[in-house]
Amino acid sequence: MDRLENKAFEGVTVFMLATEEEILKAKEHIIEVSRELHEIGLLVRTWGNISARVDEKSFLITPSGIRYEDLIPEMIVQVNIDDLSYEGKYLPSSEKAVHAACYKEREDVDFIVHTHQVFASCAGALGDKKIFSYIDDEDVVIPVAQYALPGTEKLAENVVKALKKYPDSNGFIMANHGTLCFGKNSKEAIYEAEKMEIACNNFLIDVCKTDVHHGVEIGFNSHLEDGKIVYDVPDTPERVRQIHKAIYSKRPDVKYIIHNKSEAVMTVSRRANHMRPLLDDFAQLIGYSVKVPSNEHGKDGVSYHNIKKNVNAVFSLDDGAYCLGRTEDDAMAVAIVLDKGCIAQIAVMRHGEGHYLSLWECFKMNRHYRKSYSKLADSAKTNND
Ligand SMILES: [Zn+2]
């Protein structure tokens, strides 16, 4: 009965079966925490998910494909720990099996945060079983749970294996995907996620021998208006206009182009020939084989740009990449995920090795993502959690 004395969230005690009032309080608390994590940048868009154990039988979890800014209590789904059943019209996060497995394995855990935070996700793409790092003078060791496709039983199994192997750890990296951080309450879980991000940033600074920043640096954007190309910057050079024109003509589905010239994307546009996905969200959103033009192709003309169906980033030699979308929001999601993918790529280049996702895995994810996206697109939601 020990656990039942614990407080899953401030001010609310966990009883055998939670009352309506307790459940509502817990839902509000989950929303509060998701906003906090969103504000500090550990949660972005609809990526990641949060849950809280409410009683012996169930936990509450954020829904699939809804932005954190738009969450209201009725959207938080109560899921049965044993059989993953739930009620209501909102779909629970597709990673509910991972959360349930964690609650089953760790009786002391009442709050879980799963994020796609940048540095920890990238550190988890290098193929290492543990990340050895530090914060100030303190050593930090972060276990990495083995890769499996997102939303699968296999992934939950791999997380359980890691939980059993490291029973004292409250923070894990899920290889090529994200993190799982937890504790007795939300405070402990958030602390773990923040600590992990600092430690992984330090780790990547050591691997890359430099501090690679994360973000989107806008170059020359454009969008289509009544079939005409509108450039954000009036004096967009002709060389760049040629690329925009080629993209719109070869990809009738694209309506927005965001030119990302972030530090990481620029580095890849200079130094790499090819990007294979190292992270799940890259495979889902961008595609599974992205070519980078090399010096051999020259800088002028557009014929060497690799504009392909289902590949949503078009690199330009030494000039970043064009991120494509049906909406401005889609294009921005591609720009954010591309930047993270480029940091992972740089880390792998410097580290000398990495664990790339197999073509089969990428193909499955990309297809599944496009399928669920087309179902959700009308309501402007993306299904990526
Ligand atoms: Zn995830």
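## Zinc site

Along the sequence, the residues that donate to the zinc ion follow the spacing H-x1-H-x60-H, donors being N, O and S atoms within 2.8 Å of the metal (3.2 Å for Na, K and Ca), with water not among the atoms, so sites may look incomplete. The coordinating atoms are NE2 of His114, NE2 of His116 and NE2 of His177, at 2.1 Å. Helices (H or I, at least four residues) and strands (E, at least two) are DSSP runs, numbered from the N terminus.

Both His116 and His177 are buried, that is, under 20% relative accessible area, with exposed meaning over 50% and partly exposed in between (1.4 Å probe, protein chains only).

## Basis of the model

This is a predicted model, in which local features need pLDDT of at least 70 and side-chain atom pairs count only at pLDDT 80 or more, while totals for chains, interfaces and linings use all residues. Residues are numbered from 1 along each chain as its sequence is written, and side-chain values use heavy atoms, with hydrogens and water left out.

## Ser64

Ser64 sits in the loop between strand E4 (58-61) and strand E5 (77-80), and with a relative accessible area of 14% Ser64 is buried. Ser64 and Ser94, 30 residues apart in sequence, have their C-alpha atoms 6.4 Å apart in space.
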